Amino acid sequence: SGAVYLFDTDTGSQIAKLTASDAEALDQFGRSIAMSGSTLIVGAVGEQSNGLDSGAAYLFDVSTGKQIAKLTAEDGAAYDRFGVSVAISGNIAIVGAYGDQGDGPGSGSAYLFDTLTGVQIAKLRASDGVFDHFFGFSVGIYDDIAIVGAYREHDFGESQGAAYLYSVSDGRQIGKLVAESGTPSDLFGYSVGISDG
């Protein structure tokens, strides 16, 4: 089912153990985690609210250890694996769902949420998304820019991979990143990170 533990980094003492309010076997709560300020987001890729392995993410107030919201995709379905990746910046969270089938099996997607309300504000997909890209396997966010990895993207070779940039304010894709020296099986985009610029 999974759990997340909070520690005081000055003392090494455990502060809290966090679990989902509706925890069940095989949820894999803790598969991904991220924090901004006092808000923590935890992915549970095996959660089954929308079918087997549809996935969920949970928001917690770190200062109190209390769960403040459960996030699921409005169009969630079995095997989406929503929550495989999570990131948070300010009051916006992004959650990856690499199994989403909007552009074909395994094409993937990512979702933006308002952490104050728990409301989904956008669904992100690659402009050139097709089956088996695994878009959403990795995500990152900083201020108004989100980055989403698709490590099995294969426009330039099998599993060469790519990453995509989005404007958080309007959900618009603003760029696609590929390695200049990329070759098949590079898995570019397996992990992503982002900071100012």
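This is a predicted model: local features need pLDDT of at least 70, side-chain atom pairs count only at pLDDT 80 or more; totals for chains, interfaces and linings use all residues.
Residues are numbered from 1 along each chain as its sequence is written, and side-chain values use heavy atoms, leaving out hydrogens and water. Local features need pLDDT of at least 70 and side-chain atom pairs count only at pLDDT 80 or more, while totals for chains, interfaces and linings use all residues.

**View 1. Asp53 and Arg81 meet in a salt bridge.** The term stands for a side-chain nitrogen of Lys or Arg within 4 Å of a carboxyl oxygen of Asp or Glu; here the N to O distance is 3.8 Å. Asp53 sits in the loop between β4 (39–44) and β5 (56–61), and Arg81 in the loop between β6 (66–71) and β7 (82–89), 28 residues apart. Strands are DSSP runs of E, at least two residues, numbered from the N terminus. Arg81 is partly exposed, at 24% relative accessibility; that class lies between buried (under 20% relative accessible area) and exposed (over 50%), using a 1.4 Å probe and protein chains only.

**View 2. Asp75 pairs with Lys123.** Their closest N and O atoms are 2.6 Å apart. Asp75 is partly exposed at 36% relative accessibility, and Lys123 is partly exposed at 27%.

**View 3. Arg172 forms a salt bridge with Asp170.** Look for closest N and O atoms 3.3 Å apart. Arg172 is partly exposed at 46% relative accessibility, and Asp170 is partly exposed at 48%.

**View 4. Asp22, Glu47 and Lys70 form one network.** Salt bridges that share partners join these residues. The whole structure holds 10 salt bridges.

Technical notes:
Helices (H or I, at least four residues) and strands (E, at least two) are DSSP runs, numbered from the N terminus.
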